[in-house]
Amino acid sequence: MENKRKILIVDDEENHRFMLKLHLEGEYVVDEASNGIEALSSVESNHYDLILLDIKMDIMDGMTFLSHLRRNGINIPVIVISAFNNVKTAVEAMKLGAVDYITKPVDVKILKKQIKELLNDKLRDKEVKINDDYHYEGVYSENGLGKIIDLLKMVAPTDATVLIMGESGTGKELIAKSIHHNSPRKNKPFLAVNCAALNENLIESEIFGHEKGAFTGADKAKPGKFELADGGTIFLDEIGELPLQTQAKLLRVLQDKTFERVGGLKTLKTDARIVAATNRNLEEMVKEGKFREDLYFRLNVFPILVPPLRERKNEIPLLLNFFIKRYSERFQKIIKGYSDDYLNVLMKYDFPGNIRELENIVERSIILCKGEVLTPDLLPPLKIENNTTKKNSMKEHEKSLIEKALKETNGNKSKAAELLGISRKTLHNKIKEYNIEV
């Protein structure tokens, strides 16, 4: 018989607890607590898959309860329920680890749908691992890396060539490992080649191998990555840095799975699956003649675009908890979490180095930390762009466009407004706002 998922309802209104339990009990095992203190006791002695939490309670309110969960490293998903539709409260709850926020009166149909989706995602989190040392279990949101995980689940069981695109530090190699470790090839080798790290002569030897005497220093024959990865996966990182001559040889491997070692005459076959990655725009490189168009189309069978961390900042708290756990164990320290101020600074930062940079920041913080909570004084100097600076920059750009339009139309406001795609009245107001001479 299938084990039912277990939910804890925390609410000081008995009627509301009864109503929720009535609707959920057939599908789930449901426990109740009338305040935060009772709830903490229940969490200590039971395993729950989800908590439905009221905010306003006389004995330990919902925010305090959430804080206790976080400080104790308890990562049970929490849906906050409140009679007050307050954006500030919702934001605070999310910062403390709540996964969703709904207001009373509760639409039970919507709530049940949310619970089902959330628990399905939680089950998925347990299934998706990248390798034994590093996995994204519980470290992504549905709209961030969650969408990529869905793509991985579709492409991993196939032999399709995958092209992973994204900025440096976004975790492209980890995604490549995920494809391998969730594929039928998982018991065969996964070998990575950084195409940017070797010069033109050495890169071919690294990928295809060489025969004895093929070049100065080649005192013995050496198999390349395509031979060694036979039956497994070869990951070609920074594929955009590959020399054109080597691109032609790689194209042949993609077309018929054959190649020769450097200095060799014997044709060898390989059954290695190719996963490539780049932080460059290969389409632009094709137009510039720096990357072969036929190779680009061969590689781009199943493209995956990894968004930078600044576009999925909702994952920062999840990643923080993940890295805190990792480096606390590594450095044998008891770090129970981070302060609100620590998180607030990181949420304002754009992370040009992406996840790799966040990981380095957390590692440094834990090394320096003398207490149990990470605080802002442990952070390195971070360049946080002021919103005012952004607004001023936008205004300068807008002023420049208006001046250019007026110049092109010899000061004709009607034509300039048409050129800019705005009304004449809006243009008049902008000319006045920016003190533009016409």
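Modeller: A salt bridge is a side-chain nitrogen of Lys or Arg within 4 Å of a carboxyl oxygen of Asp or Glu. Side chains of opposite charge can pair when their charged atoms come close. This is a predicted model, in which local features need pLDDT of at least 70 and side-chain atom pairs count only at pLDDT 80 or more, while totals for chains, interfaces and linings use all residues. Residues are numbered from 1 along each chain as its sequence is written, and side-chain values use heavy atoms, with hydrogens and water left out. The pLDDT is the predictor's confidence in each residue, from 0 to 100; the protein averages 83, and 87% of the residues score at least 70.

By the salt-bridge rule the count comes to 25. One of them pairs the side chains of Arg17 and Glu32, with N and O 2.9 Å apart. Arg17 belongs to helix H1 (residues 14-24) and Glu32 to strand E2, so this pair ties together parts that are 15 residues apart in sequence. Helices (H or I, at least four residues) and strands (E, at least two) are DSSP runs, numbered from the N terminus. Arg17 is buried, with a relative accessible area of 11%, whereas Glu32 is partly exposed at 32%. Here buried means under 20% relative accessible area, exposed over 50%, and partly exposed in between (1.4 Å probe, protein chains only). Salt bridges with shared partners also join Arg17, Lys21, Glu25 and Glu32 into one network.

Strand E2 leads on to the sheet. Five strands form an open sheet in the order E2-E1-E3-E4-E5, with parallel pairing. Strand E2 (29-33) and strand E5 (100-103) stand at its edges, each with a single partner strand, so one side of each is left without a neighbour in the sheet. From one strand to the next, the twist averages 20°. Two strands pair if DSSP finds at least two bridges between them; strand E3 (residues 50-54) and strand E4 (residues 78-82) pair in the parallel sense over four bridges. In E4, Ile81 is the bridge partner of Asp54.

Helices also meet this sheet. Helix H3 (residues 62-71) packs on the sheet and touches E3 and E4, its direction making about 145° with that of E3. Helix H2 (residues 36-45) lies across strand E1 (6-10), E2 and E3, and runs at about 160° to E1. Contact means heavy atoms within 4.5 Å. Axes are lines fitted to C-alpha atoms, for helices over the stretch in contact, and angles run from 0 to 180 degrees between N-to-C directions.
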